[in-house]
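Subject: Structure handover

Hi,

Here is the structure I promised to pass on. My notes follow below it.

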Amino acid sequence: GIGKITTLDPSKMAEALNYQTGVCTTGNSLDKVEKDDELMLANDASVKDMEAGAIAWICQMCSVPYLGVKVVTDVVDGGVPTHEEFLANLSSAAQSLQEALPEVIEFVAGKKIEDL
């Protein structure tokens with residue numbers, strides 16, 4: 001289905017950790033299709049992935065607050081075939097996420113949701 005899920009506001013964490021924020025759309029393919037362009041444009045989205053929407057949806061169903069942390073492996077409108085760019089950037093993206101997650105955990109640990 002198509003819907004919109006409100007997440008926790010990431011602005012305090014993003015400012016404290018010098019991270020970028022943006023809207024993430026979700027699709028069911030690695031490659032970009034015309035519908036992805038439409039949804040990204042309609043929602044002022046920065047990225048598209050295949051997981052965040054499902055995770056956010058389950059969190060919403062279970063009344064669990066959701067805050068996604070993503071790294072980008074491929075540029076949606078880049079000139080390189082998606083699978084090639086994904087494989088070329090996977091290692092550096094994984095390294096970036098490995099470095100970011102401890103910072104995120106340290107930032108959120110012990111805080112009330114309204115303080116995030």
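Which residue forms a salt bridge with D49, and how far apart are the closest N and O atoms? The partner is K70, and the closest N and O atoms are 2.6 Å apart. Before the rest, one caution: this is a predicted model.

**The D49 pair**

D49 counts as buried because its relative accessibility is 8%, below the 20% cut-off. K70 is partly exposed, with a relative accessible area of 39%. The pair also belongs to a network: D49, E51 and K70 are linked by salt bridges.

A100 is 30 residues away from K70 in sequence, yet their C-alpha atoms are 9.6 Å apart. A100 belongs to helix α4, which covers residues 82–108. A100 is buried, at 11% relative accessible area.

**Overall layout**

The chain has 4 helices and 2 strands. Along the sequence they run α-β-α-β-α-α. Taken along the principal axes, the C-alpha atoms fill a box of roughly 45 × 30 × 20 Å. The chain has 116 residues, and buried ones make up 20% of them.

**Other salt bridges**

The count for the model is 4 salt bridges. Side chains of opposite charge can pair when their charged atoms come close.

K48 and D36 form one of these salt bridges, at 3.0 Å from N to O. K48 lies in strand β2 and D36 in helix α2, so this pair ties together parts 12 residues apart in sequence. Both K48 and D36 are buried.

E38 and K35 form another, at 3.5 Å from N to O. This one stays within helix α2: the two residues are 3 apart there, so about one helical turn separates them. E38 is partly exposed, with a relative accessible area of 41%. K35 is also partly exposed, at 42% relative accessibility.

**The largest pocket**

The largest pocket holds about 1,800 Å³ of space. It is lined by 47 residues, and the closest to its centre are G22, V23, C24, T25 and A52. Several elements each give two or more residues to the lining: α1 (11–17), β1 (23–26), α2 (34–42), β2 (45–49), α3 and α4. By class, the lining has 23 nonpolar, 17 polar and 7 charged residues.

**A surface patch**

W57, I58 and M61 make a nonpolar surface patch of about 340 Å². I58 is found in helix α3, residues 52–61. Is I58 buried, partly exposed or exposed? I58 is partly exposed, with a relative accessible area of 42%.

**To recap**

Best wishes

Technical notes: Residues numbered from 1 in each chain as written. Predicted model: local features only at pLDDT ≥ 70, side-chain atom pairs only at ≥ 80, totals over all residues. Heavy atoms only, no water. Buried < 20%, exposed > 50% of the residue type's maximum accessible area, 1.4 Å probe, protein only. Patch = residues over 30% accessible without salt bridge, like charges linked within 9 Å, V, L, I, M, F, W, Y side chains within 5 Å. Areas by Shrake-Rupley, 256 points an atom, 1.4 Å probe, with all protein chains shown as cover. Salt bridge = Lys/Arg side-chain N within 4 Å of Asp/Glu carboxyl O. 1 Å grid on protein atoms, 1.4 Å probe; cavity = no way out; pocket = protein on both sides within 12 Å on 5 of 7 lines; lining within 4 Å. Points joined across faces, edges and corners; volume = space filled by probe spheres on them. Nonpolar A, V, L, I, M, F, W, Y, C, P; charged D, E, K, R; others polar.
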